[in-house]
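Hi,

Here is the structure I promised to pass on.

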Amino acid sequence: MLIVCLDPEDAKEILASFLDANSIVFDAALAGPESILGRITSVMQPLSPQPLALPSELEACSATLCAELQSMPRLKLVLTLGISAHIAVLGACGIPLSRLDFRPGEITHLPDGLLLADGCHFPNKPFPADMMAQRRSALTELSPKIRAALRPTI
């Protein structure tokens, strides 16, 4: 599983309860039989701090992400946190933006078999508590879908 988000350094802390609840580990040595091996990519880290990334920035992220996806032959699912991450993944997979809307809480099967799970971005700056709670709730509701997609027999 690959997690694509704007703030990869903060993602582990922000997603800690989600990662623990789904037995997602980042070190193969710590992986148990039911663990999901994951990774958080840093390809989106250099994006400008504007509300939305510039198209040229997303194109550069997509190109880098394409190479990263190709280096992960056993990758089954990409979790995007936010619309910019969603756009970058679509670009990396060669899918036009008009073909697949950002759908938080949903998992989509891409043409090459990769699964795309859309989640909301968790900003690290002050953010209304009720909106943050809604985003955490949406990710919690997405959790069983991700587990079922990655471990259909468990």
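This is a predicted model: local features need pLDDT of at least 70, side-chain atom pairs count only at pLDDT 80 or more; totals for chains, interfaces and linings use all residues.

Five strands make up an open sheet, in the order S4-S1-S5-S7-S6, and the pairing is mixed. Strand S4 (39–40) and strand S6 (107–109) stand at the edges with a single partner strand each, so one side of each has no neighbour in the sheet. S5 and S7 pair in the parallel sense, over five bridges. If you want to find that pairing on screen, go to leucine 79: its bridge partner in S7 is alanine 117.

Now the helices. H3 lies across S1, S4 and S5, and runs at about 170° to S1. Helix H5 (residues 129–150) lies across S5, S6 and S7, running at about 165° to S5.

What about H4 (residues 83–92): how many of its ten residues are buried? Seven of them are, so the helix is mostly covered. Among the buried ones are His86, Val89 and Leu90. The cover includes strand S1 (2–4), helix H3 (55–70), strand S5 (77–81) and strand S7 (115–119). After H4 comes glycine 94, with a positive phi near 75°.

One last stop: threonine 80, which sits in strand S5. Is threonine 80 buried or exposed? Its relative accessibility is 0%, so it counts as buried. Leaving aside neighbours within four places in sequence, its contacts include Ala85, His86 and Val89, three residues that are also on the buried list for H4. Threonine 80 touches Leu116, Ala117, Asp118 and Gly119 as well.

Cheers

Definitions and conventions:
Residues are numbered from 1 along each chain as its sequence is written. Side-chain values use heavy atoms; hydrogens and water are left out. Buried means under 20% relative accessible area, exposed over 50%, partly exposed in between (1.4 Å probe, protein chains only). Helices (H or I, at least four residues) and strands (E, at least two) are DSSP runs, numbered from the N terminus. Contact means heavy atoms within 4.5 Å. Two strands pair if DSSP finds at least two bridges between them. Axes are lines fitted to C-alpha atoms, for helices over the stretch in contact, and angles run from 0 to 180 degrees between N-to-C directions.
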